[in-house]
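This briefing is for a reader meeting the structure for the first time.

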Amino acid sequence: MESRTKVGVIGAGAAGMAAAVTAAKYGAEVTLFEKNDRVGKKILATGNGRCNMGNLEFSEEKYYCQDREKLHSLFQVFSVWDTMSFFESMGLMIKSKEGYLYPYSEQASAVLDVLRMELDRKKIHVITEGEIKKAAYNADRMTFTLKDIKGKEYECDKLIVACGSPASLKKGEGMTGYALAEKFGHRVKEIVPGLVSLKSHEDFTKALSGVRVKAGVRLVVAGETAGRDVGEVQFTDYGISGIPVFQLSRTAAYALKEGKSVEAVVDFFPDQDEKTFTYMGRLRYEAQQDKSMEDYLTGMLHKKINMVLIKMAGLKPAMTAREAGWEKVKALMELGRNFGIAVSDVNSMDNAQVCAGGVDFSQLNTELESELVKGLYFAGEVVDVDGICGGYNLQWAWTSGYIAGRNAAGSSTRQIALGQEKYKELPEDKS
Ligand SMILES: Cc1cc2nc3c(=O)[nH]c(=O)nc-3n(C[C@H](O)[C@H](O)[C@H](O)COP(=O)(O)OP(=O)(O)OC[C@H]3O[C@@H](n4cnc5c(N)ncnc54)[C@H](O)[C@@H]3O)c2cc1C
């Protein structure tokens, strides 16, 4: 009888579990090592406990990656439609909320539960509290030897490194994947927190603390616009947060590392076009000149924002709009459209949702196998691929896990997987 390929997977997160069940599906004998006392801990925290597991509005443009063409070919193999089919085949009902995919129950635990059941059903050997400390390639036998924290050794034919990143973990944790990659000769791009809030030393952030408002955010790096986004911005006592800020944070993090100046320019009127805004502003001024500046702004923006704008425009809350004069009132309104916040830092890695940087993508082939060590694969966040908010990071975990798992088991994914038409009729959830 032909012996089964032994696949070792380090890390039982989203990518590692997807890799393990896929490798087993394609006939491998799989051992999954997890340093925690249980698998998939991070999944439970995703999407505020609801797990935004993918997004129907999908393209490789949603990712930061060195080689979009290669990424595109990977998503051709396993796309968002395949994510749905993968989970539905394990019994998970999925729903779309304006394209954002969630388990039907809106409980992240449901995603983890079906994965755990599948690990069981596929008789995958799961070793929890099994932190792998060392891995070596045995060129003579073409196998890998893994050594865990207790000194116990394991041998496998193929190895998948899916150790994740230090994002959201305590300082010093989550670095093993990079260390193993370097040990095997791989380059690792400098890691920085991604999808994280921004810090500022500006006095007014404290005055605005607690404000949540729909706004546009433009990131300016060394005087040039480096990105923009719109959505709910939250002010905190240390700076700004919220999804649009998260989306721009990895660009800010790398720029700050390079010693460049970074500014977040907030537009408190993102729905107003420039011309109408100025025209309406003038009409408002004509009609409300007798009001104090404080009253004049009442009804436009959040009270805390109004007070900060008045102060920054060099006006006083009690002075009338007439006393201020149209030019100054106009300048104040413009300040509301271009409210610059000097960014001093990004929040720390333990507060980040993902990590930018990681194992050099160019040293992996389209099967996610190392170009340097045959039989070595990488999947998930440990690789230098990171997505914006909206389910794209888990999508990368599923896609890369599937591809690494299937190829490690000996079933090549060079051909394009099918399945796009089947799920187009997914009902929308309007709640
Ligand atoms: C608060 C929060 C919310 C998020 N929400 C979303 C969301 O809604 N949608 C989305 O797409 N993405 C979201 N993300 C990002 C997403 O969770 C991650 O990108 C994804 O889980 C990464 O999967 P992974 O398997 O690569 O890594 P991980 O999930 O980090 O898994 C790696 C595993 O490897 C284990 N491990 C590490 N080293 C070793 C070792 N040496 N030996 C054995 N085991 C080891 C770890 O303990 C861990 O279990 C969120 C992240 C956070 C922190």
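In this predicted model, F235 has I240 of β16 as its bridge partner. Strand β15, residues 224–235, pairs with β16, residues 239–241, in the antiparallel sense, and two bridges hold the pairing. Both strands belong to an open sheet of seven strands.

**The seven-stranded sheet**

- The order of the strands is β18-β17-β14-β15-β16-β13-β19, with antiparallel pairing.
- At the edges are β18 (339–342) and β19 (345–346), each of which pairs on one side only.
- Strands of a sheet pair through backbone hydrogen bonds, and they do so either parallel or antiparallel.
- Helix α8, made of residues 243–257, lies across β13 (198–199), β14 (212–221), β15, β16, β17 (262–267) and β19.
- The direction of α8 is at about 140° to β15.

- Strands β8 (residues 132–138) and β9 (residues 143–148) run antiparallel and are joined by six bridges.
- Across this pair, A136 stands opposite T145 of β9.
- The hairpin of β8 and β9 has four residues between the strands, and M142 there takes a positive phi near 55°.
- β9 is also joined to β10 (residues 153–156), again antiparallel, by four bridges.
- On the β10 side, T145 has E155 as its bridge partner.
- Four residues also lie between the strands in the hairpin of β9 and β10, where G151 has a positive phi near 90°.

**Helices α4 and α14**

- Two packed helices are described by the angle between their axes and the distance between the axes.
- For α4 (residues 80–88) and α14 (residues 392–408), the angle is about 75° and the axes are 10 Å apart.
- Angles of 65 to 115 degrees count as roughly perpendicular, and α4 and α14 are therefore roughly perpendicular to each other.
- Where they meet, α4 brings V80, T83 and F86, while α14 brings Q395, W398 and Y402.
- The residues of this contact are four nonpolar and two polar, with no charged ones.

**The shell around the ligand**

- Which residues come nearest to the ligand? Of the 35 residues around it, these are G11, G13, G47, G164 and G380.
- At least two residues of the shell come from each of α1 (14–25), α2 (41–45) and α14.
- With four residues, α14 gives the most to the shell.
- By class, the shell has 15 nonpolar, 14 polar and six charged residues.

**Residue K133**

- K133 is placed in strand β8.
- Is K133 buried, exposed or partly exposed? K133 counts as partly exposed because it has 14 C-beta neighbours inside 10 Å, a count between the 12 or fewer of an exposed residue and the 20 or more of a buried one.
- Setting aside neighbours within four places in sequence, K133 is in contact with K147, D148 and I149.
- From C-alpha to C-alpha, K133 and Q234 are 40 Å apart in space, and they are 101 residues apart in sequence.

**Residue A181**

- A181 is part of helix α6, residues 176–183.
- A181 is buried because 26 other C-beta atoms lie within 10 Å, and the cut-off for buried is 20 or more.
- Not counting residues up to four places away in sequence, A181 touches V161, H186, V188, V359 and F378.
- A181 and A135 are 46 residues apart along the chain, with 9.7 Å between their C-alpha atoms.

Notes
Residues are numbered from 1 along each chain as its sequence is written. This is a predicted model: local features need pLDDT of at least 70, side-chain atom pairs count only at pLDDT 80 or more; totals for chains, interfaces and linings use all residues. Two strands pair if DSSP finds at least two bridges between them. Two residues are in contact if their C-beta atoms, placed from the backbone, lie within 7 Å. Axes are lines fitted to C-alpha atoms, for helices over the stretch in contact, and angles run from 0 to 180 degrees between N-to-C directions. Angles under 35 degrees count as roughly parallel, over 145 as roughly antiparallel, 65 to 115 as roughly perpendicular and the rest as oblique. Ala, Val, Leu, Ile, Met, Phe, Trp, Tyr, Cys and Pro count as nonpolar, Asp, Glu, Lys and Arg as charged, and the others, Gly among them, as polar. A residue is near a molecule or strand if its C-beta atom, placed from the backbone, lies within 6 Å of it.
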